[in-house]
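Reader: Before I look at individual side chains, I would like to go through this structure with you, one question at a time.
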Amino acid sequence: MNTMTEGQMAPQPSWWGRNWKWVVPTGCLGLLLSCGCLGAVIFGVTWQALRGTGVFVEAVAQAKQSPEVRQALGEPVEAGLMLQGSIQSHNDQGAANFSVPLTGPKGEGTLHVEAYKSGGDWNFTTLRVDIPGRPSIDLLGGAPAPPPDTVPFPDSPPELPDVEPLPDEDEPSEPREERPTERKKEDIQL
């Protein structure tokens, strides 16, 4: 005869059946935290790489040294976190077009930078700080450097070289010889 009571004979739920209510939320939270930490690490590494580029360091240094910027924003002037734009550099060539927020005790502004790299040196075409309610501060102090691959125009037009004139249309020209690899549409049969 069986001496066990009826309640003791009921099968016990498995470990998953007993613990799923706290395992699922903990696992989801752990996954979200892992993705967030990975994203923060990627953002931090990228930000440090951009902050270490020569064009960024030089542009921010010029903004911090400007008496007009220091007067408008106060001291110390610090670069913000959100860089907008792009910096591309390969060997001795490159291009940069970005803006970065600047902050100081008296206010905030935005540093706008356009530059190109030629021969290992960065040349700025635009370097200005925009502060709300004030005129823009041009940090180049004069005419910007011309962008690469442009031809500067001198004040007086240059003398044009002498060239041979084109032959008249009335003169017969030598017939063009057809290349053996060229085919006419009529020669192609389907």
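Reader: Where is the place of serine 66?

Author: This is a predicted model, and in it helix α2 covers residues 54–65 while α3 covers residues 67–73. The place of serine 66 is in the loop between α2 and α3.

Reader: Is serine 66 buried or exposed?

Author: The relative accessible area of serine 66 is 5%, and the cut-off for the buried class is under 20%. Because 5% lies under that cut-off, serine 66 is classed as buried.

Reader: With which side chain does the side chain of serine 66 make a polar contact?

Author: Serine 66 touches Ile137 and Leu139, when residues up to four places away in sequence are not counted. The polar contact made by its side chain, at 2.9 Å, is with the side chain of glutamate 68.

Reader: Which element gives the largest share of the largest nonpolar core?

Author: The largest nonpolar core has 26 residues, and Leu139 and Leu102 are among those with the most contacts inside it. The elements giving two or more residues to this core are α2, α3, β3 (93–103), β4 (108–118) and β5 (121–130). The largest share, five residues, comes from α2.

How values were computed:
Residues numbered from 1 in each chain as written. Predicted model: local features only at pLDDT ≥ 70, side-chain atom pairs only at ≥ 80, totals over all residues. Heavy atoms only, no water. Helix = DSSP H or I, 4+ residues; strand = E, 2+ residues; numbered from the N terminus. Buried < 20%, exposed > 50% of the residue type's maximum accessible area, 1.4 Å probe, protein only. Polar contact = N/O pair within 3.5 Å; in protein donor to acceptor, adjacent residues only side chain to side chain. Contact = heavy atoms within 4.5 Å. Core = buried A, V, L, I, M, F, W, Y, C linked by side-chain atoms within 4.5 Å.
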